[in-house]
Amino acid sequence: MKFSEQWLREWVNPEIGTQELMDQVTMAGLEVDGFEPVAGDFSGVIVGEVLKVEPHPDADKLRVCQVTDGLQTIQVVCGAPNVRDGLKVPFAVVGAVLPGDFKIKKAKLRGQPSEGMLCAEAELGLSDASDGLMELPSDAPTGQDLREYLQLNDVTIDVDLTPNRSDCLSIKGIAREVGVLNSLVVEAPEFTAVEAQHSEVPDIRVEDPAGCPRYLGRVLRNVNLQAETPLWMREKLRRCGIRSIDPAVDVTNYVMLELGQPMHAFDREEIKGGIVVRMARADEKLVLLDGQEVQLTDQTLVIADHEKPVAIAGVMGGEHSGVSEKTRDLVLESAYFDPITLAGKARHYGLHTDASHRFERGVDFKLARDAMERATRLLMDIVGGEPGEIVEVLSSDCLPDDVVVDLRSDRLASVLGLEIDRTTVEEILTRLGLHIDKLLKNGWRVSVPSYRPDISIEEDLIEEVGRIFGYNNLPVTEPEGSLGLRPEEEAKRPVSLIRNFFVDQGYQEAITYSFVDPKVQELVDPKRDGIALANPISSDLSVMRTTLWSGLLKTVAYNQNRQQSRIRLFETGLRFEKDDQRIDQQPMLAGVVVGGQYPENWVNGRRAADFFDVKGELESLFRVLGIEVQFVSGSHPALHPGQTAELMRDGEHVGWLGTLHPQVQKKLELNGTVLMFELFLDSIATGYVPNFKEISKFPEVRRDLAIIIGSDVAFADVERVARKHAGECLTDLRAFDVYEGESIGEGNRSLALSLFWQHPKRTLNEDEVHSLFNGVIDALKQELGATLRS
């Protein structure tokens, strides 16, 4: 929020300097970002009047002007296209100093003497560019110092407001704050209701009262928009960072800056039938005032006539219904729009306007009528016109409720660390515009005004008392308290353990964007639809990722394009899925391996990593985590058929491991065999709690067997059956030989196993071992169809 200090002091004028005022406002929670003078540094410039203009005898584009400073007539040569007889302009006399330390001296231009300079706005630092001389009102006092006449000894102060302080997005709001801080009465300009001079009223219908609980309209006939906005209003707008356009737009902008209520003016002739406040239809388009055509969505609140939309509610008007010099009748709009309904709508269309900035944060829902009356009076003073009655469509049930908050004195003292006198607290609350409804035994019951939507709970009132009392006046106290150790579940492994494991295995950790290229995601995860971003950074970062592979594979491509042949990356992060109206965020672990299993050297050679290398690394991870995970043959659209494993823990899917599908690899333009895995972090992070177990002193017994079994039977199933029937004393099971050949038949394989038993407290006898061994053989035969190899 930019505002003119001079304009503020018209409302409230504390006896403090500019710097002290800015410090005071900052300490009250309205941080001042900076300030700058409203004009360049110049002196010796007065109000001059051009008495006579004649052509230059030796230059077509120059004019010889006779200018008076109120005492004498001075000749000045000027080339501005708008110089003319009777014009009042800024006149830099000989000896004047303009911005940039430019000194005015007597000179001759093409043989004609020139004693001074007629100035444009840009030459005085009043604007960045100008087309001609700055034209002053005809009643400007000739000879008066320009800085004094325009009151240019002023600064523009830029306040960085937090989103909750929408009440300070106006001169009125800032003045309230300064008045409270200095115990001064705010002197607001007086204006009264304007009486209707004709009976025409706009036909207004609100179809979405939740989005627009209050809408006011008024017809203003026979206006003259060729009139010029007064210099005082143009200057106030300029000093607040708003460019003057025409009287109708300037007045609505002025009221917005003064009171905080955004308004809009329509050309009555362009409103067909009447005004309808409704949600847009999906196929509707609107050309905005800035010339941009937008495709409206059915979630956008619009102002429409009986044929088409004419404005995006609370954001920007349409070009077709906007006012122009030919406009003769106006329809003034002043409304309260629900902040939630408007939230994000301007950004959706790539817009950010002064109106949307205020409506999204919350405008005083009781302000619309006062703003309408103020704008009407200003317009009548500038462009004339005949006002009609104000039509108001009000949905009281949809307006915000009046807020009443209890403030406890002991809670106030506890939070601020200081007991403030009750009288002082009541004075602060009253100065803030809060009404004390009732004095309670231990505090106050306070009614909150409509212009303070940020106050809703007791802590808000405590903050108000604290900042007005002065944070510097609060005592400095050391916090006291004991911090106990936070309990941690012993079975749950920290993510840092997993990260360290992969770093020890030679991987590098990657951190990729949570939003990815939808084309890449479609290749690696075609079954899930990514959540589209409303305002993406770029088209290749426009959806939220449903798998970490999307970002990792692009990272692989980036590295391969820079001659990196051996790549081992892992990442921990969130993936995002839409579940009905809720977005589900799941912590994931993913990795990708390309190139050699080991760094190239004279010992290891150049063997490329394969499926079983990565499988072994994951098995090592699971041992570190203390969990058992089975690798089951599966299929995934992004992985190579026959080289894909689904990871299961206790019958629950926990992830995938496999080789990237050749077709996907070709489309991504990747080289070499690409191995990938992805697991649910929450599913693998919890393991067993370590327990002490005494090492047995008794001998270990080993038995070997060779079985013939179908090639389609996984070793994991063999191990599961054997361990299930081998008894509690089984300490290890190993496969030490695998054979396939004609001698054992097609579709079969020979598998040699070693089983180890050891009792913790005694020596196992031969009969016990023989019984357990035969039990394993029988189970393998019955459950898996195995036969002993002879």
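User: How many salt bridges does the structure hold?

Analyst: The model is predicted, so local features need pLDDT of at least 70 and side-chain atom pairs count only at pLDDT 80 or more, whereas totals for chains, interfaces and linings use all residues. Residues are numbered from 1 along each chain as its sequence is written, and side-chain values use heavy atoms, with hydrogens and water left out. A salt bridge is a side-chain nitrogen of Lys or Arg within 4 Å of a carboxyl oxygen of Asp or Glu. The structure holds 48 of them.

User: Which residue forms a salt bridge with Lys236, and where do the two lie?

Analyst: The partner of Lys236 is Glu10, with the closest N and O atoms 2.9 Å apart. Lys236 belongs to helix H5 (residues 231–239) and Glu10 to helix H1 (residues 5–11), so the pair ties together parts that are 226 residues apart in sequence. Helices here are DSSP runs of H or I with at least four residues, and strands are runs of E with at least two, numbered from the N terminus. For accessibility, buried means under 20% relative accessible area, exposed over 50%, and partly exposed in between (1.4 Å probe, protein chains only). Lys236 is buried because its relative accessible area is 14%, whereas Glu10, at 42%, is partly exposed.

User: Are Asp167 and Arg452 buried or exposed, and what links them?

Analyst: Both residues are buried. They form a salt bridge in which the closest N and O atoms are 3.7 Å apart. Asp167 sits in the loop between strand S11 (155–160) and helix H4 (171–181), and Arg452 in the loop between strand S26 (443–448) and helix H13 (458–469), 285 residues apart. Asp167 and Arg452 also belong to a network of salt bridges that links Arg165, Asp167, Glu177, Arg452, Asp454, Glu464 and Arg467.

User: How many disulfides does the structure hold?

Analyst: A disulfide is a covalent bond between the sulfur atoms of two cysteines. The criterion is a pair of cysteine sulfur atoms within 2.5 Å, and the structure holds zero disulfides. For Cys78, the nearest cysteine sulfur is that of Cys65, 5.1 Å away. For Cys168, the nearest is that of Cys240, 14 Å away. Cys78 counts as buried at 7% relative accessibility, and Cys168 counts as buried at 0%.

User: In what order do strands S36, S37, S38 and S39 form a sheet?

Analyst: Strands of a sheet pair through backbone hydrogen bonds, either parallel or antiparallel. Two strands pair if DSSP finds at least two bridges between them. Here the four strands form an open, antiparallel sheet in the order S37-S38-S36-S39. Its edge strands are S37 (730–739) and S39 (787–788), each pairing on one side only. Strands S36 (residues 701–710) and S38 (residues 748–757) pair over ten bridges, and Arg703 has Leu755 in S38 as its bridge partner.

User: Which helices lie across these strands, and at what angles?

Analyst: Axes are lines fitted to C-alpha atoms, for helices over the stretch in contact (heavy atoms within 4.5 Å). Angles run from 0 to 180 degrees between N-to-C directions. Helix H20 (residues 715–725) lies across S36, S37 and S38, at about 145 degrees to S37. Helix H21 (residues 766–784) lies across S36, S38 and S39, at about 15 degrees to S36.
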